[in-house]
Amino acid sequence: MKLTKWRRGSFLKRGLSYTTSLIGKEDVARGTLAVHLKKPEGFAFNAGQAVYVTLPSLEEEDGKGRVRTFSIASAPDDTDLAIATRLTDSAFKRSLASLPAGSAIEIEGPYGDLTLHDETARRVVFLAGGIGITPFRSMIRDAVRHAPTRDTYLFYSNRNPADAAFLSEFEQASANNPGLKLVATMTDAPDWQGDRGFITREMIERYVGDITSPVFYLAGPSAMVAAMATLLTKAGVGPENIRAEEFTGY
């Protein structure tokens with residue numbers, strides 16, 4: 001399994017730093033906030049990459065310091081720069097949620113190599129859990145604009161629809177783009193009319209068919225990513241065709 005690489009190295013290997021400003025915020029699921037930033041002049045990234053975020057106005061530090069890492073949730077040619085996060089009681093999250101529009105925010109990057117492979121004839125399968133959807137939103141928004149016929153599957157697991165960030169957006173994108181197939185599955189939603197339970201090999205094969213032919217992208221909580229990697233490996237998927245991002249919580 002190939003884990004994305006986006007940790008800071010020495011000072012000389014760091015990405016560029018930018019000071020930008022908050023445009024606005026929106027709730028995109030229960031307990032999940034999307035933050036829209038002004039895209040700094042000259043800032044360019046590939047869909048699926050991430051940035052380090054610093055809040056200059058942060059007065060109260062927690063045990064993890066003043067900096068957090070976020071996957072970029074917007075596409076490279078979107079007019080703004082979006083990140084999304086589950087809200088917690090950490091000092092950083094509370095400060096981010098309360099920032100007024102126009103507040104200064106510092107970003108550094110972009111970092112990461114969780115980007116789409118170049119073989120456009122090969123199918124893409126995203127396996128996402130919870131807030132792990134953020135890099136895939138960037139990649140899917142970019143793909144439907146520039147490669148709308150690319151054979152792409154999004155398996156998206158949540159407890160219930162209220163917890164599924166950007167779900168309605170993916171439903172609309174799937175309906176409007178024949179290359180994108182959405183499989184939203186809920187683990188605790190009695191009234192849900194779609195798939196239920198965790199993502200399984202049987203579920204993937206029901207929609208994708210031959211499980212060994214696509215390139216898989218995994219993102220979500222560490223336990224979920226590890227479980228999906230084990231599932232795919234046991235099914236015969238080569239490690240070079242499994243690319244992963246872990247969200248450990250912050």
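Visitor: Which residues does Asn-177 touch, not counting residues up to four places away in sequence?
Guide: This is a predicted model: local features need pLDDT of at least 70, side-chain atom pairs count only at pLDDT 80 or more, and totals for chains, interfaces and linings use all residues. Numbering starts from 1 along each chain as its sequence is written, and side-chain values use heavy atoms, leaving out hydrogens and water. Contact means heavy atoms within 4.5 Å. On that test, Asn-177 touches Val-144 and Pro-148.

Visitor: Is Asn-177 buried or exposed?
Guide: Asn-177 sits in the loop between α3 and β10. Helices (H or I, at least four residues) and strands (E, at least two) are DSSP runs, numbered from the N terminus. Buried means under 20% relative accessible area, exposed over 50%, and partly exposed in between (1.4 Å probe, protein chains only). With a relative accessible area of 15%, Asn-177 is therefore buried.

Visitor: Which residue's backbone oxygen does the side chain of Asn-177 reach?
Guide: A polar contact is a pair of N or O atoms within 3.5 Å; within protein, one must be able to donate a hydrogen and the other to accept it, and residues adjacent in sequence count only if both atoms are side-chain atoms. Here the distance is 2.7 Å. The backbone oxygen belongs to Ala-173.

Visitor: Why do the buried residues of α3 lie on the same side?
Guide: The buried residues in α3 are Leu-167, Phe-170, Ala-173 and Ser-174. The arc is that of the directions from the helix axis to the C-beta atoms. They are on the same side of α3 because they cover an arc of only 125°.

Visitor: Which residues are exposed on the other side of α3?
Guide: First, the cover on the buried residues of α3 includes α2 (133-146), β9 and β10 (180-186). On the other side, the exposed residues of α3 are Ser-168, Gln-172, Ala-175 and Asn-176.

Visitor: What is the relative accessibility of Phe-166?
Guide: Phe-166 lies in the loop between β9 and α3 (167-176). Phe-166 has a positive phi of about 65°, although it is not a glycine. Phe-166 counts as buried because its relative accessibility is 7%.

Visitor: How many residues does α2 give to the lining of the largest cavity?
Guide: On a 1 Å grid over the protein atoms alone, a cavity is a set of points where a 1.4 Å probe fits but cannot get out, and a pocket is an open set with protein on both sides within 12 Å along at least five of seven lines; lining residues have an atom within 4 Å of a point. The largest cavity is lined by Ile-140, Ala-143, Val-144, Ala-147, Pro-148, Arg-150, Thr-152, Gly-179 and Leu-180. The share from α2 is the largest, at three.

Visitor: What volume does the second largest pocket have?
Guide: Grid points are joined across faces, edges and corners, and a volume is the space filled by probe spheres set on the points. Among the residues lining this pocket are Ser-157, Asn-158, Met-224 and Met-228. The elements giving two or more residues to that lining are β9 (152-158) and α5 (222-234). The volume is about 190 Å³.

Visitor: Is Thr-134 buried or exposed?
Guide: Thr-134 belongs to helix α2. Leaving aside its neighbours within four places in sequence, Thr-134 is in contact with Ser-71, Ile-72, Ala-73, Ala-84 and Phe-247. Its relative accessible area is 1%, so Thr-134 is buried.

Visitor: Which side chain makes a polar contact with the side chain of His-146?
Guide: His-146 is also placed in helix α2. At 55% relative accessibility, His-146 counts as exposed. At 3.0 Å, the partner of its side chain is Asp-77.

Visitor: What arc do the buried residues of α4 cover?
Guide: In helix α4 (residues 201-208), Met-203, Ile-204 and Val-208 are buried. They lie on the same side of α4 because their arc is only 105°.

Visitor: Which exposed residues are on the face of α4 turned away from its buried side?
Guide: The buried residues of α4 pack against elements including β8 (124-129), β12 (215-221) and α5. The face turned away carries Glu-202 and Arg-206.

Visitor: Which residue does a cis peptide bond join to Gly-109?
Guide: Omega for this bond is about 5°.
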